Amino acid sequence: MSEEEIIAANRLVAIFMGGRFIEDQGKEDVVFSNDENKEGGVEEISLFQVDALEFHRSWDWLMPVLDKIEKMGYKNNLTYQKEGYNCRIQRLEIREHEPDGSGKKLILNKKYFCADNWPTKIEAVYWTIVKFLEWWNEN
């Protein structure tokens, strides 16, 4: 992937994680604030240049994103085959539906997003998350 594609994907992930973008001396920065870690009334704030975001290469950055997606009811699966690593993020919904009063019918709704044949685990997980977030933003 090109550097421009990675920066655009990292921007997408940053927005999902609550990042706010600001212009500073002709460069775009992203600000993350963490309300949950307020100690003594002080809000923890982190500032990064957009091209310094590391969601694509750091598990420390990427795992909180995956945790947030899982808390939304989605599961992930990472496998390896000789072609490379494969990742899936999916959600399975089973609902009862009674269309004509003749009885209950189960409706299966499966949403899944995948990235296959990546050389590393983190690339497979990262690009699957990016596909999920592209869909999430459209719906």
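Mentor: Start with exposure. Buried means under 20% relative accessible area, exposed means over 50%, and partly exposed lies in between (1.4 Å probe, protein chains only). At 22% relative accessibility, cysteine 114 counts as partly exposed. The model is predicted: local features need pLDDT of at least 70, side-chain atom pairs count only at pLDDT 80 or more, and totals for chains, interfaces and linings use all residues. Residues are numbered from 1 along each chain as its sequence is written, and side-chain values use heavy atoms, with hydrogens and water left out.

Trainee: How many disulfides does the structure hold?

Mentor: A disulfide is a pair of cysteine sulfur atoms within 2.5 Å. The structure holds 0. The sulfur of cysteine 87 is 9.0 Å from the closest cysteine sulfur, in cysteine 114, so the gap is too far for a bond. Cysteine 87 is buried, at 0% relative accessible area.

Trainee: How do I read helix packing?

Mentor: Two packed helices are described by the angle between their axes and the distance between the axes. Helices are DSSP runs (H or I, at least four residues), numbered from the N terminus. Axes are lines fitted to C-alpha atoms over the stretch in contact, and angles run from 0 to 180 degrees between N-to-C directions. Here helix 1 (residues 3-16) and helix 3 (residues 121-138) pack at about 60°, axes 10 Å apart. The residues of this contact divide into 11 nonpolar, 2 polar and 2 charged.

Trainee: Is asparagine 10 buried or exposed?

Mentor: Asparagine 10, in helix 1, is buried, at 2% relative accessibility. Contact means heavy atoms within 4.5 Å. Not counting residues up to four places away in sequence, asparagine 10 touches Leu53, Phe55, His56 and Tyr126.

Terms used:
Helices (H or I, at least four residues) and strands (E, at least two) are DSSP runs, numbered from the N terminus. Ala, Val, Leu, Ile, Met, Phe, Trp, Tyr, Cys and Pro count as nonpolar, Asp, Glu, Lys and Arg as charged, and the others, Gly among them, as polar.
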